[in-house]
Amino acid sequence: MPGKKIELDNAAAKIAASEPVIYGRADHNVSRENIAESALKVLYRLHKAGYQAFLVGGAVRDLILGQHPKDYDVATDATPEQVNTLFKNCRLIGRRFRLAHIHFGREIVEVATFRGHHDQAENESEGLTRDGMIVRDNVFGTLAEDAWRRDFSVNALYYNIADFTVVDYTGGMADLKDKNLRTIGDAEVRCQEDPVRMLRAIRFAAKLGFKPDADLVQAIATQGHRIEAVPPSRLFDEILKLFMSGHARSTFELLKKYNLLLQLFPATEKHLQTHAQMNDLITLACQNTDQRIADGKPVTPAFLFAFMLWGPTSTRAMEFESNNMSPIQALQEAGRAVLNQESGQISIPKRFRLPIREIWTSQARLNNRRGRRPYAMLGQARFRAAYDFLLLRCQSYAPELQSLCEWWTEFQEVSDTQKKIMCQELQRARQGQKSRRPKKKKSNQATAAATDITPDTPSDH
Ligand code: ATP
Ligand code: MG
């Protein structure tokens, strides 16, 4: 944050006049030492070629907050074609608005030409759909225009490589200091233009611990339903950013608080109203996901969707089971139905659907330990995910799964001879049970129940 005090009243007056407040090098803590070499290279080369070059967006925000930027965005007055001629490692992408991606191994620095206001398109009505969403956004502009069309004030700070100043048109510096998430312009209009901004607001509130201001809260309340109109594939990408950036737990809380869970996972939201215990499962799973990310371990979208949608899936599976389906079949059918129902909203790509359903059906398979089945289960590619999911269920809402969990924990660790003994013991216990047990009908095993974890249960399939 600036060391020297800049009069905030003065800053507010300048903002009203659309004049930027310029923070000199001594007044902010963005240091080249903390900027990735790749981003510096891009900035310097643009600057040397005579173009304006600014670091902008999340990188400036995070650097001022003393955090490590996730990626680097650069804004310039060079056109994409001009950028392309400056860098061998450049690819132009995007149809609606051309962007230059400069590749450094796996790192990408995104360079965007200043954008103009969409309402300065030749014909405003052509650029917007009937309900006000932007469909065309391809007009180049000035630095000032670029600043005003960004989403939140804290995302519209520009670090100028020419003189190492930070340029602030929208009051972002003061908002950073106050942990205030404020939409640039009229919050309702901006959320209407691009409903994804509401999800971005949740993401930044969760990541930075910032508070959405009153106008933004009000806009989310009145415009939240518009998320429905966002293309499902964009929504899928946003969900991954929301839940797989290390702040899934607070994201989940905020989505509920601002009534947006309904927009992303309607079946889950409905299910939670009558099954409060599923809240514990999702919360714990989010917490584990955050921990894995903090530890540098991989996380998969399949696991995320498996726990987010387990509530509606398991309930539906119980219904199928009471109509005499086997637990595995019931989970298969329920999984298919729930994925179809949700995917209208979020478009879960095909490559994730099979693994999601495998995690679900494996909940019944893990309870089925006859003969060589435990060995087959252990050899499956997704055993680990299935087992982790079982542990989560046990720790969150189904303590009756404890002995099943312990059995699998041990089975993985022991020698082949001991594995054999464990399976024989199960079989003996099963035989003992059979001779004691009166005949009874099959019932809801996969769910409340993948659960009767006596050594093996009669309705194992
Ligand atoms: P992160 O740390 O997650 O990368 P970010 O703020 O950099 O956060 P990006 O998605 O990388 O987010 O976008 C870069 C910048 O582009 C944002 O900071 C914001 O200024 C602008 N931006 C991105 N999406 C929108 C949008 N939907 N509407 C307006 N401006 C946007
Ligand atoms: Mg970024």
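## A salt bridge between arginine 200 and aspartate 151

In this predicted model, the side chains of arginine 200 and aspartate 151 form a salt bridge, with N and O 2.7 Å apart. The term covers a side-chain nitrogen of Lys or Arg within 4 Å of a carboxyl oxygen of Asp or Glu. Arginine 200 belongs to helix 9, while aspartate 151 lies in the loop between helix 6 (143-148) and strand 7 (157-160); this pair links distant parts of the chain, 49 residues apart. Helices (H or I, at least four residues) and strands (E, at least two) are DSSP runs numbered from the N terminus. The structure has 15 salt bridges.

## Contacts of ligand 1

A nitrogen atom of ligand 1 lies 2.8 Å from a polar side-chain atom of aspartate 194. For aspartate 151, a backbone N or O atom is 3.2 Å from a nitrogen atom of ligand 1.

## The shell around ligand 1

Ligand 1 is surrounded by 18 residues (a heavy atom within 4 Å); the closest are Arg150, Asp194, Arg197, Arg200 and Arg203. Helix 9 gives the largest share of this shell, five residues. By class, the shell holds 14 charged residues (Asp, Glu, Lys and Arg), one nonpolar (Ala, Val, Leu, Ile, Met, Phe, Trp, Tyr, Cys and Pro) and three polar (the others, Gly among them).

## Basis of the values

Residues are numbered from 1 along each chain as its sequence is written, and chains are lettered from A and ligands numbered from 1 in the order in which they are written. Local features need pLDDT of at least 70, side-chain atom pairs count only at pLDDT 80 or more, and totals for chains, interfaces and linings use all residues, while side-chain values use heavy atoms, leaving out hydrogens and water.

Terms used
Polar contact = N/O pair within 3.5 Å; in protein donor to acceptor, adjacent residues only side chain to side chain.
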